[in-house]
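In this notebook I record what I looked up about salt bridges. The structure is shown first, and my entries follow.

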Amino acid sequence: MQIQGSTVVITGGGRGIGRELAKHFAGKGANVALLDLNQADLDETAKQCSALGVTARGYLCNVTREAEVSTVMDAVVGDFGRLDVLVNNAGIVKDGLLLKVKDGKVVGKMTLEQWQPVIDVNLTGVFLCGREAAERMVASGRGGVIINISSVSRHGNPGQTNYTATKAGVAAMAEVWAKELARYGIRTGAIAPGYTATEILSAMRPEILDKLTAAVPLRRLGTPGEIAQAAVFIVENDFFTGRCVDVDGGLRI
Ligand code: NDP
């Protein structure tokens, strides 16, 4: 697909990897619709993208809310006249061990309060945005591309029962959608970043982050721009669909 002149929707587009995705697509001439929870972040990303000569708009949208997602997708089609690419990027972490055991006694558990929000944002949000964007792509008759941001953690990262379940899930959904939606000209893909330098890692203790980085063959964190490059590849390569691109410095969990 030609990126120039297309409309790209990015969830969690206010900051982090989402902001860099927006700037990469804008740099190639795409107009960008940014969905996020924080107006100031949306304004800043939209400003940086507009400076590249494209139309950029921010939309306050909680991806877990069905009605909000539907309304925003309609607004995007209304404002831009088309919706060609969706990047399901919004995601959160609430880490914890399934069981915390001390001296043979269980002293803690992953709570439902840790489990459910991560499922809601990372899995249900991807389902809702993917479904609503696909509906509008089918209606347009022009097809499109849907990319789900997974993670190296999808292979099973200790302390991330909730997150791992969602990130394996969104890679699997990209495979299902590739098969279901190819007949409508819609391609899909997933990207599995390794540890990437954004605010999401600020929840991690520095000594743990150092330990994790030491296990990466390339011995560093990725940059948001390196993740965005993979998204550009998926959109531009018309023989790509349903697969997950790992961008993780060689790390295997
Ligand atoms: P950030 O925390 O920096 O950014 C995530 C963005 O998503 C924030 O702007 C956040 O908004 C937004 N967001 C959160 N919940 C919702 C919601 N319900 N509706 C709409 N927007 C929401 O994360 P990253 O940029 O690091 O991560 C982007 C994606 O990449 C995530 O899916 C993450 O799981 C994945 N990833 C990241 C890795 C990393 O090491 N950074 C590694 C592997 C995968 P707000 O801040 O206002 O709440």
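The entries below concern charged side chains that pair in this predicted model.

**Entry 1: the count.** I began with a general point: side chains of opposite charge can pair when their charged atoms come close. I then looked up the total, and the count comes to 20 salt bridges.

**Entry 2: arginine 15 and aspartate 41.** I found that the side chains of arginine 15 and aspartate 41 form a salt bridge, at 3.8 Å from N to O. Arginine 15 sits in the loop between β1 (7-11) and α1 (16-27), whereas aspartate 41 belongs to helix α2 (residues 39-50). The two are 26 residues apart, and the pair links distant parts of the chain. I noted arginine 15 as partly exposed, at a relative accessible area of 38%.

**Entry 3: arginine 243 and glutamate 175.** Here the closest N and O atoms of the salt bridge are 3.6 Å apart. Arginine 243 lies in strand β9 (residues 243-247) and glutamate 175 in helix α5 (residues 161-181), so this pair ties together parts that are 68 residues apart in sequence. Is arginine 243 buried or exposed? I found a relative accessible area of 52%, and exposed means over 50%, so arginine 243 counts as exposed. Glutamate 175, at 36% relative accessibility, is partly exposed.

**Entry 4: arginine 220 and glutamate 226.** I recorded a salt bridge between these side chains, at 2.8 Å from N to O. Arginine 220 is partly exposed at 40%, and glutamate 226 is partly exposed at 29%.

**Entry 5: a network.** Lastly, I noted that salt bridges link Glu66, Asp74, Arg131, Glu132, Glu135 and Arg136 in a network.

Note on methods: Residues numbered from 1 in each chain as written. Predicted model: local features only at pLDDT ≥ 70, side-chain atom pairs only at ≥ 80, totals over all residues. Heavy atoms only, no water. Salt bridge = Lys/Arg side-chain N within 4 Å of Asp/Glu carboxyl O. Helix = DSSP H or I, 4+ residues; strand = E, 2+ residues; numbered from the N terminus. Buried < 20%, exposed > 50% of the residue type's maximum accessible area, 1.4 Å probe, protein only.
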